[in-house]
Amino acid sequence: MRSLSLTALLTAIVVATLLAACGGGDSSPKATGTGNDEDYLRAVCAGIDQVSDALVAATSPAEIARVLEDFAATMRAIDPPPDLADYNRKFVAYLEAALDDPTSVVTTSPPLPPDAARRRLASLEPSIPECREPTFFSRGLD
């Protein structure tokens, strides 16, 4: 049953990803965009797993917020691929905005990367151990 709940929760997060984009604010990081896809995917997938686990197991919103804060810090520190620098700023802003209402990550749509980059990342997900099913970037692609 827990596996089904986790899958449903991850599906909700992924569906939200496909529905909308979110803008960043002035406090967003200014990554230079010289990183690589594999390292970026590892960070995103590991963070999503940690958030999903917290949504299932946490006993307070503060516990979920700590996980979101750690995820945002990781994504602020990472240097994304060049075509994902703007997306990464928006994704960090999305995570930071959720700190006031940590369960909002289930109901508030995160930003989408540009379609070409999203498809490229989706094709690499099966080769990244941190990217477990269901995956973040490939859900809902044709």
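1. Phenylalanine 137 is buried, at 1% relative accessibility. Buried means under 20% relative accessible area, exposed over 50%, and partly exposed in between, with a 1.4 Å probe and protein chains only.

2. This is a predicted model: local features need pLDDT of at least 70, side-chain atom pairs count only at pLDDT 80 or more, and totals for chains, interfaces and linings use all residues. Residues are numbered from 1 along each chain as its sequence is written, and side-chain values use heavy atoms, leaving out hydrogens and water.

3. The chain has 5 helices and 0 strands. These are DSSP runs numbered from the N terminus: helices are H or I with at least four residues, strands E with at least two. Of the 142 residues, 44% are buried.

4. Look at helix α4, residues 85-97. Its buried residues include Tyr87, Phe91 and Tyr94. Among the parts covering the buried residues of α4 are α2 (37-57) and α3 (61-77).

5. There are 6 aromatic pairs. Rings of Phe, Tyr and Trp (its six-membered ring) pair if their centres lie within 6.5 Å; planes under 30 degrees apart are stacked, over 60 edge-to-face, the rest tilted. Tyrosine 87 and phenylalanine 137 pair edge-to-face, 6.4 Å centre to centre, with 65° between the planes. Tyrosine 87 lies in α4 and phenylalanine 137 in the segment after α5 (115-124), so the pair ties together parts 50 residues apart in sequence.

6. Phenylalanine 91 and phenylalanine 136 also pair edge-to-face, at 6.0 Å and 65°. Ring pairs join Phe71, Tyr87, Phe91, Tyr94, Phe136 and Phe137 into a cluster.

Conventions. The expected span of a helix is 1.5 Å times one less than its number of residues. Contact means heavy atoms within 4.5 Å.
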